[in-house]
Amino acid sequence: MSEISHVLDQLDGTLLHDILVGVENQYENIAHVQKTWYMKTQFLCPDGCGKCCVGFEPDLMESEVLYMAAWLIENQYENALKIADGTFPFNNGNKTCPLFNPDSPYHCSIYGGRAFICRLFGASSFYNKAQKRVWKPCRFYPDDTLHAYSPSLSHRQFTEDEAATILGEMPPAMSDLMQMSETATESNKTVLLRDILPETIRRLLWIIQMNGNDNPNGTPNTPLAA
Ligand code: SF4
């Protein structure tokens, strides 16, 4: 079931519709691959952690900011309008994502619409210079939990064999998962979330209105929301 089904209906027949469907399919693929890894290894982030969002704000590709905007319009319309006007829900300073809710145990206020990188925290490996896949536990993962494994885990790189011995399996590689994302992206250029999300929401609202517009001169039927 799509989390942006109404927005998709409103964009029917447009290129944006197809891009959004592609992004959502890739998010579902990532969730499936990660769920398989989590179920096999039981290596879960500590409850309510959220530290990976502190001091971090994602740079977004065009396709993922489009999905984020569509998700907000569908699931948090009032918030979407405020963000379109430049007002983000949380003032966390310049370095921390303005969608991070420090007072909620779930932390991300747009969880279903979050970016690719946000979906990869904690459950991805990477290729080292020798093109070997390695995995390093998240730097916020508690030492005592890592040390409870046998052999003990720590905040260092582990080879595929080591990860398989200790956890049962290496998590999927971030670059492989990101490649899945690039197929739906027109450009690899990225822009900081707070610099691109407001105008993307405004653009999407405008396109939605234009797409349902019967006026021959292309004037929207209703005043633009942003
Ligand atoms: S979008 Fe959500 S998960 Fe990503 S950095 Fe912001 S608060 Fe964290």
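Predicted model: local features only at pLDDT ≥ 70, side-chain atom pairs only at ≥ 80, totals over all residues.
Of the 226 residues of the protein, 42% count as buried, and among contacts between residues at least 6 apart in sequence, 69% join residues at least 24 apart.

**Helix H3 and its surroundings**

- Helix H3 (residues 62-75) is mostly covered, with 11 of its 14 residues buried, namely Ser63, Glu64, Val65, Leu66, Tyr67, Met68, Ala69, Ala70, Trp71, Leu72 and Ile73.
- The end C-alpha atoms of H3 are 20 Å apart, which agrees with the 20 Å that its 14 residues should span at 1.5 Å a residue.
- The partners against which the buried residues of H3 pack are H1, H2, E1, H4, H5 and H9, and two of these helix pairs, with H2 and with H4, are described next.

- Two packed helices are described by the angle between their axes and the distance between the axes.
- For helix H2 (residues 15-41) and H3, the angle is about 95 degrees and the axes are 9 Å apart, which means that H2 is roughly perpendicular to H3.
- On the H2 side of this contact stand Leu16, Ile19, Leu20, Val23, Glu24 and Tyr27, which meet Ser63, Glu64, Leu66, Tyr67 and Ala70 in H3; the residues of the contact divide into 8 nonpolar, 1 polar and 2 charged.
- For H3 and H4, the packing angle is about 130 degrees, with the axes 5 Å apart, and H3 is therefore oblique to H4.
- Leu72, Ile73 and Asn75 of H3 make this contact together with Tyr77, Asn79, Ala80 and Ile83 of H4, and its residues divide into 5 nonpolar, 2 polar and no charged.

**Helix H9**

- Helix H9 (residues 193-211) has 19 residues and reaches 26 Å from its first C-alpha to its last, close to the 27 Å expected at 1.5 Å a residue.
- The buried residues of H9 are Leu193, Ile196, Leu197, Pro198, Thr200, Ile201, Leu204, Leu205, Ile207, Ile208 and Gln209.
- These buried residues of H9 pack against helix H1 (5-10), H2, strand E1 (59-60), H3, helix H4 (77-84) and strand E5 (191-192).

**The sheet of E2, E3 and E4**

- An open sheet of 3 strands is present, with the order E2-E3-E4 and antiparallel pairing.
- Strand E2 (126-127) and strand E4 (158-159) stand at the edges and each has a single partner strand, so one side of each is left without a neighbour in the sheet.
- E2 and strand E3 (residues 133-135) run antiparallel and are joined by 2 bridges, and the bridge partner of tyrosine 127 in E3 is arginine 133.

**Backbone geometry in the loops**

- Most residues other than glycine have a negative phi, and most peptide bonds are trans.
- Histidine 107, although it is not a glycine, has a positive phi of about 65 degrees, and with a relative accessible area of 10% histidine 107 is buried.
- Glutamine 42, in the loop between H2 and E1, likewise is not a glycine and has a positive phi of about 60 degrees, but with a relative accessible area of 52% glutamine 42 is exposed.
- The peptide bond from serine 150 to proline 151 is cis, with omega near -5 degrees, and proline 151 is found in the loop between helix H6 (143-147) and E4.

**Proline 172**

- Proline 172 has its place in the loop between helix H7 (160-166) and helix H8 (174-182), where, at 14% relative accessibility, proline 172 counts as buried.
- Although proline 172 and serine 125 are 47 residues apart along the chain, their C-alpha atoms are separated by 5.8 Å.
- Leaving aside neighbours within four places in sequence, the residues in contact with proline 172 are Val33, Gln34, Trp37, Ala123, Ser124, Ser125, Arg133 and Leu177; one of these, Arg133, is the bridge partner of tyrosine 127.

Notes: Residues numbered from 1 in each chain as written. Heavy atoms only, no water. Axes fitted to C-alpha atoms, helices over the stretch in contact; angles between N-to-C directions. Helix = DSSP H or I, 4+ residues; strand = E, 2+ residues; numbered from the N terminus. Parallel < 35°, antiparallel > 145°, perpendicular 65-115°, else oblique. Contact = heavy atoms within 4.5 Å. Nonpolar A, V, L, I, M, F, W, Y, C, P; charged D, E, K, R; others polar. Expected span 1.5 Å × (residues − 1). Buried < 20%, exposed > 50% of the residue type's maximum accessible area, 1.4 Å probe, protein only. Pairing = 2+ DSSP bridges.
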